[in-house]
Amino acid sequence: MSQNLITESMVFDELKKAIVETLNVDANDIKPETSLINDLGAESLDFLDINYRMEQSFGIKMARHFVLEHVEEMFGEGSAIDEDGALTDKAVELLKLRFEEDVPELQAGMDMDEVPALVTAGSIAAGVMDILESLPEKCTHCGASDWKAEGAAVKCGACGEAAVYANGDDLIKAWLEKVQTEKNLF
Ligand SMILES: [Zn+2]
């Protein structure tokens, strides 16, 4: 079902807090199009920290692996990244679908090490929103259909248990299966 307890702007505000606490930057410098690496100087460990903070706030499990890592695992080594560490045409096509917007830097032959710089505050917030949209219609503990938001956490109004969402990696895999069925890229 599509949940309407947690809005996109609540997610973005929570993400800004997580980024400010992790990177010690000014909240006003964080826009949806801000690249955490290029604009805010984030390093890979910082992503773990930011993800952890989002998991604590929302009671979710963020994806541990990038989309292209899942592609390699599902469709075979070399399907997304060639032997020189460059993105294949198909990987680029896939990432364009994933980002749902024009990313000029995204070109076939691009080095895979440059991909993390494409991660923006907006793309992280969209990933969180995807997870929140997996809120089941009924509480998995008591079967009631009575969700309530307490800050960023969603709880059952009947039994008080926290909502259980799909985890980020499973949602990426499900998305890849759907894209593969529709477009037969790999
Ligand atoms: Zn319940």
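**Exercise 1. Describe how the axes of α1 and α2 are placed relative to each other, and decide which angle class applies.**

Solution. In this predicted model, local features need pLDDT of at least 70, side-chain atom pairs count only at pLDDT 80 or more, and totals for chains, interfaces and linings use all residues. Residues are numbered from 1 along each chain as its sequence is written.

Step 1: the axes of α1 and α2 come within 9 Å and cross at roughly 140°, where axes are lines fitted to C-alpha atoms, for helices over the stretch in contact, and angles run from 0 to 180 degrees between N-to-C directions. Helices (H or I, at least four residues) and strands (E, at least two) are DSSP runs, numbered from the N terminus.

Step 2: angles under 35 degrees count as roughly parallel, over 145 as roughly antiparallel, 65 to 115 as roughly perpendicular and the rest as oblique, and α1 is therefore oblique to α2.

Step 3: residues that make the contact include Glu14, Leu15 and Ala18 of α1, together with Ile50, Arg53 and Met54 of α2; two residues are in contact if their C-beta atoms, placed from the backbone, lie within 7 Å.

**Exercise 2. Is Arg53 buried, partly exposed or exposed, and which residues does Arg53 contact beyond its neighbours within four places in sequence?**

Solution. Step 1: Arg53 belongs to helix α2.

Step 2: a residue is buried if 20 or more other C-beta atoms lie within 10 Å of its own, exposed if 12 or fewer, and partly exposed in between, with C-beta atoms placed from the backbone. Because Arg53 has 18 other C-beta atoms within 10 Å, Arg53 is partly exposed.

Step 3: once its neighbours within four places in sequence are left aside, Arg53 is in contact with Ala18, Glu21 and Thr22. The C-alpha atoms of Arg53 and Glu14 are separated by 8.9 Å, although these residues stand 39 residues apart along the chain.

**Exercise 3. Find which residues touch the most other members of the largest nonpolar core, and which element gives the largest share.**

Solution. Step 1: a nonpolar core is a set of buried Ala, Val, Leu, Ile, Met, Phe, Trp, Tyr and Cys residues joined through C-beta atoms within 7 Å. The largest one has 26 residues, and Leu15, Met54, Ala121 and Val128 touch the most other members.

Step 2: two or more residues come from each of α1 (8-23), α2 (44-58), α5 (121-132) and β2 (153-156), and the largest share, six residues, is that of α5.

Step 3: apart from this core lies another, of eight residues, among them Val71, Leu87, Leu95 and Ile172.
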